[in-house]
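Hi everyone, thanks for making time. Have a look at the structure on the screen, and I'll walk you through a bit of its inside and some of its helix packing.

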Amino acid sequence: MMTRLNSRQPSARTPGDVFDLPHFKSMIQRTLRYVSAGYPVHYTGPAGIGKTTLALHTAEKRGRPVTVITGSRDLTREDLIGAYSGYSRKKLHDNFVRTVHKIEENVSENWVEGHLYKAVKEGHTLVYDEFTRSSPYTNNLFLSILEEKVMPLYGAKRNESHIRVHPEFRMLLTSNPSEYAGVYETQDALFDRLITIPLERMDVETETAVVMKRTGMKKAGAGKIVSLVKRVNEQLEGNGSPLSIRTSIMMADIAQQHAIPIEGSHPAFQHLCLDFMMFPLQLQDGGPSNNAEALILNECRNIKEGS
């Protein structure tokens, strides 16, 4: 999937000052420093850690148009570069002299340029989300763009064999190293040209601040939810952390909208915890299990009113 973002207004639900937190601020400053020098930056980390949101925010800080490409095994070079699609037909019937009929007919193919073609040509900031989901064959296209500063027009039936990369063109990429379904092993030649910044899970204080800013919940309630999710993850004993900050944000959002008290003995809060955490934990364990429910409810009940 490909999208062009000319401008994006901050949402009331996701205020821009989230990125003023120290956890993000340093990373954004470093990224802009590297990108301004012409180096592509690659954010890698587990799902739900905010890679895409951070990449989009950083891209917009450049003040250039932003193009977004989402990696997929179905993404082809034609999708990126462009292709001829359909035909245009033009027919001229000249009957200026009654006894003379002149008919001219022209048929031509229509060229539809790909989003990458436009981004490279006009100097956009490209956000290539989950790029390891695309095949190495497709991603090989970026080697010439990054190294030789040209984009080859493979099989495009154009008169020119390539186009020059605009001097303002820049790239931000994201990937999930722990994801395995539908992911290709990226060639070393491409990784060698990227500055890779691993995104680690945020500490409780930073996650609490993010949840507060995303949902409007006060610090006490947001902190309880973040700590609860963290404790449940820690109980998995090295089997991974299926619950991300998204879990905390969604739980806080529902609790805030429907005035559900953040109290372990309250039935509505218990249902909220089970509904948002049970299924990811069951997937982690390989199937339905009473252990997941017992774990969640045990940690949930430890939350006391006013604690």
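Let me begin with what I call a cavity: on a 1 Å grid over the protein atoms alone, it is a set of points where a 1.4 Å probe fits but cannot get out. Grid points are joined across faces, edges and corners, and a volume is the space filled by probe spheres set on the points.

Please keep in mind that this is a predicted model, where local features need pLDDT of at least 70, side-chain atom pairs count only at pLDDT 80 or more, and totals for chains, interfaces and linings use all residues. Residues are numbered from 1 along each chain as its sequence is written, and side-chain values use heavy atoms, with hydrogens and water left out.

So, how many cavities of 30 Å³ or more are there? The count is one. The largest cavity holds about 30 Å³ of space. Its lining, meaning residues with an atom within 4 Å of a point, consists of H23, F24, I49, L199, E200 and M202. Four of these lining residues are nonpolar, one is polar and one is charged. Here Ala, Val, Leu, Ile, Met, Phe, Trp, Tyr, Cys and Pro count as nonpolar, Asp, Glu, Lys and Arg as charged, and the others, Gly among them, as polar.

Now to the helices, which are DSSP runs of H or I with at least four residues, numbered from the N terminus. Axes are lines fitted to C-alpha atoms over the stretch in contact, and angles run from 0 to 180 degrees between N-to-C directions.

Helix 8 (residues 204-215) packs on helix 10 (residues 245-257) at about 40°, with the axes 9 Å apart. The two are therefore oblique to each other; angles under 35 degrees would be roughly parallel, over 145 roughly antiparallel, and 65 to 115 roughly perpendicular. Contact here means heavy atoms within 4.5 Å. On the helix 8 side, the contact includes E207, V210 and R214, and on the helix 10 side I249 and D253 are among the residues. The contact has five nonpolar, three polar and three charged residues.

What about helix 9 (residues 219-234) and helix 10? Their axes come within 9 Å and cross at roughly 140°, and the pair is therefore oblique. I225, V226, L228 and V229 of helix 9 meet T247, S248, M251 and A252 of helix 10. That contact has six nonpolar, two polar and no charged residues.

Definitions and conventions
1 Å grid on protein atoms, 1.4 Å probe; cavity = no way out; pocket = protein on both sides within 12 Å on 5 of 7 lines; lining within 4 Å.
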